[in-house]
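Hi,

I am passing a structure on to you, and I hope you enjoy looking around in it. Please open it first, then read on for what was found.

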Amino acid sequence: MQYALIIHEQPEEMAKRTSAEAPAYWAAWSAYSKAVGEAGIMRGGAGLELPSTATTVTLAADGHQVHDGPFADSKEQLGGFFLIEVPDLDAALAWAAKIPSPGGKIEVRPLLPPPPAV
């Protein structure tokens, strides 16, 4: 079964990406990525730029609006995601628990199966 591990990082963790702490920050993520790859479960994923670079489109029945910035107003910031394929939710949760994001939250969500042919 495929799962998305959606990573919500604390702002102070995301700030490490470009600070003096960047080498340690990126080393931890490289080690995690390598472990997922070596386990043979990696199906995709990517880190995301900072929330300040986001643009949100709000959809409505009469059209849409474009806004600068992320949609959610929360302390954590969407930092990236991994797509993994593991036997079950317990295995996905075990991999999520290894993500190097102190104080962050990892949303583990199953991917939808392909839609039926029409």
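Let me start with Val-66, which you will find in strand β4, residues 63-68. Keep in mind as you look that this is a predicted model. Is Val-66 buried or exposed? Its relative accessible area is 54%, and a residue counts as exposed when that value is over 50%, so Val-66 is exposed. On the surface, Val-66 belongs to a nonpolar patch with Val-57 and Leu-59. Together these three residues have about 320 Å² of accessible area.

Now zoom out to the whole protein chain. You can count three helices and six strands in it. The C-alpha trace spans about 50 × 45 × 20 Å along its principal axes. The protein chain has 118 residues, and 27% of them are buried.

How much space lies in the second largest pocket? The answer is about 190 Å³. Its lining is made of 15 residues, and those closest to the pocket's centre are Trp-26, Trp-29, Ala-46, Gly-47 and Phe-82. Sorted by class, the lining residues of the second largest pocket are eight nonpolar, five polar and two charged.

Best wishes

How values were computed: Residues numbered from 1 in each chain as written. Predicted model: local features only at pLDDT ≥ 70, side-chain atom pairs only at ≥ 80, totals over all residues. Heavy atoms only, no water. 1 Å grid on protein atoms, 1.4 Å probe; cavity = no way out; pocket = protein on both sides within 12 Å on 5 of 7 lines; lining within 4 Å. Points joined across faces, edges and corners; volume = space filled by probe spheres on them. Nonpolar A, V, L, I, M, F, W, Y, C, P; charged D, E, K, R; others polar. Patch = residues over 30% accessible without salt bridge, like charges linked within 9 Å, V, L, I, M, F, W, Y side chains within 5 Å. Areas by Shrake-Rupley, 256 points an atom, 1.4 Å probe, with all protein chains shown as cover. Salt bridge = Lys/Arg side-chain N within 4 Å of Asp/Glu carboxyl O. Helix = DSSP H or I, 4+ residues; strand = E, 2+ residues; numbered from the N terminus. Buried < 20%, exposed > 50% of the residue type's maximum accessible area, 1.4 Å probe, protein only.
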